[in-house]
Amino acid sequence: MLKIFSSDSCGYCRKLKAYLDEKRVRYDVIDVNESEENYRKLIDISGQTGIPVTVADDGNFVIGFDIDKINDMAGIAN
């Protein structure tokens with residue numbers, strides 16, 4: 001299961017979620033605007049404030065909408 005740190009106002013976040021929906025990949029959304037705690041978790045994991053950040057169960061993460069890295073992380077065949 002992937003976790004996506006995002007916000008509703010982020011265009012790349014919407015693109016990423018639509019892509020994962022199309023590929024039928026399950027994920028949880030953590031809205032960084034929802035709470036200070038979510039925002040701090042984003043910074044703790046990625047070391048920065050840019051979104052989207054996609055996190056795998058093993059702790060690996062991808063910053064931004066890097067389709068090749070997302071595919072690798074989610075096990076999506078190119």
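Reply: Tyr-19 lies in helix H1; helices (H or I, at least four residues) and strands (E, at least two) are DSSP runs, numbered from the N terminus. This is a predicted model, in which local features need pLDDT of at least 70 and side-chain atom pairs count only at pLDDT 80 or more, while totals for chains, interfaces and linings use all residues. Residues are numbered from 1 along each chain as its sequence is written, and side-chain values use heavy atoms, with hydrogens and water left out.

Tyr-19 is buried, with a relative accessible area of 15%. Buried means under 20% relative accessible area, exposed over 50%, and partly exposed in between (1.4 Å probe, protein chains only). Not counting residues up to four places away in sequence, Tyr-19 touches Phe-65, Ile-67, Asn-71 and Ile-76; contact means heavy atoms within 4.5 Å. Met-73 is 54 residues from Tyr-19 in sequence, and their C-alpha atoms are 14 Å apart in space.

Tyr-19 also belongs to the largest nonpolar core, a group of 11 residues that includes Leu-16, Leu-20, Val-62, Ile-70 and Ile-76. Such a core is a set of buried Ala, Val, Leu, Ile, Met, Phe, Trp, Tyr and Cys residues joined through side-chain atoms within 4.5 Å. Two elements, strand S1 (2-6) and helix H1 (11-22), each give two or more residues to this core. H1 supplies the largest share, three residues. Ile-70, another member of this core, is in contact with Leu-16, Leu-20, Thr-54 and Val-62, leaving aside its neighbours within four places in sequence. Apart from this core lies another of six residues, among them Phe-5, Ile-30, Val-32 and Val-55. In soluble globular proteins, nonpolar side chains tend to be buried together.

Two loops complete the local picture. Arg-24 lies in the loop between H1 and strand S2 (27-31). With 77% relative accessibility, Arg-24 counts as exposed, and its phi is near 60°, a positive value in a residue other than glycine. The loop between helix H2 (36-46) and strand S3 (53-55) holds Ile-51 as well as Pro-52. The peptide bond that joins Ile-51 to Pro-52 is cis, with omega near 5°. Ile-51 is partly exposed, at a relative accessible area of 24%.

The C-alpha trace spans about 35 × 25 × 20 Å along its principal axes. Of the 78 residues, 37% are buried. Among contacts between residues at least 6 apart in sequence, 52% join residues at least 24 apart.
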